[in-house]
Amino acid sequence: MNLLCLLAVCIATADVFVGADPKLDGQWDSWKHVHSKTYPKGEEESRRKTWEENFLYINQHNEQESMGKQSFRLELNQFADMTSDEFSRQMNGYKHTGLAKEKLKHSSFSRLTNTTVLPDNVDWRGTKYVTPVKNQGNCGSCWAFSATGALEGQLSKKTGMLVSLSEQNLIDCSWPQGNQGCNGGSMAHAFQYVHINHGINSESNYPYTGTDGNPCQYNAQYNAGTCTGYSLIESGNENAVKAAVASIGPISAAMNAGLETFQFYRSGIYTDPKCSSRVLNHGIVIAGYGSTIQNGTYTNYWICKNSWGTTWGMQGYFLVARGKRNLCGITLKALYPLV
């Protein structure tokens, strides 16, 4: 009888790793419920271990933020059961594969002078140039969301109609231009596809599945817009990027998004000095810029739209420091479509 009881206890605790803090059981169960997390048999132990490590890391960071030693807060979000390596492999799909001569025939370079007089603050959120925040799911398709985000704004600016464009169209159909679906791609190659194809379908006509390996199902009958090429903004020139955002509208950009601090970002101005200004792995949309006083310091920032849903960050947006030696490399590969 005692042996049977012992076996029952072993079975009941098989998915809880040795050393799990019992004081966190309730928060673990609540977090799983909120984010609809279930695991195959035998996996919950490792996920709980990672979650606890991230739980402690986030709390320590936020304690520093509450004392004015950090400029942004973190959150135990939907990615809290993932290591930073797992997260980066799954969610960061920007790949800069170079620009062939064929691609350059349909691009131009935007070089704006540092003496251009610009507004102090620009914010395209909530305007007819920006669609609601989307969610790429478990697919490295950030490049596609960055491309549609910029193209949606330019088409709306031209036609007066804001239409949500199909990322799945780009995932399925832009392989010949060099994109690799959920395994990554670039916004330049996405714009090239739209140009060569003479169009892209809307989200409603070509809905998102977050999978690749599908046949291209573009239908010209439901064409929602096209572009004539794209303009590359002078690499690393923050004033040129600022001028483009002010005068053109939301633009595509690549950045480094591989750190734990970005994985768990909740609010505030992202200023992690460890964020590489050279290694780019994530496509986003720069939707504005501004300045504020934070912890007694005057800080400039970019307003950016992400593609990880509205439960991440500031309803899907984040702020990253501007004028900090190109933090996270956000102005190295900025561009926008020509329509």
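1. Let's start with E65, which is partly exposed, with a relative accessible area of 21% (buried means under 20% relative accessible area, exposed over 50%, and partly exposed in between, using a 1.4 Å probe and protein chains only). The side chain of E65 forms a salt bridge with that of R73, at 2.7 Å from N to O; here a salt bridge is a side-chain nitrogen of Lys or Arg within 4 Å of a carboxyl oxygen of Asp or Glu. R73 is also partly exposed, at 32% relative accessibility.

2. A word on the background: this is a predicted model, where local features need pLDDT of at least 70, side-chain atom pairs count only at pLDDT 80 or more, and totals for chains, interfaces and linings use all residues. Residues are numbered from 1 along each chain as its sequence is written, and side-chain values use heavy atoms, with hydrogens and water left out.

3. Next, have a look at K134 and E152, whose side chains meet in a salt bridge of 2.8 Å, N to O. This pair links distant parts of the chain, 18 residues apart: K134 lies in the loop between β3 (122–123) and α6 (142–159), and E152 in helix α6. Helices (H or I, at least four residues) and strands (E, at least two) are DSSP runs, numbered from the N terminus. K134 is buried at 14%, and E152 is buried at 1%. Salt bridges with shared partners join K134, E152, E167 and E203 into one network.

4. Another pair to visit is D21 and K23, with a salt bridge of 3.3 Å, N to O. D21 is partly exposed at 23%, while K23 is exposed at 67%.

5. Finally, the overall count: the structure holds 16 salt bridges.
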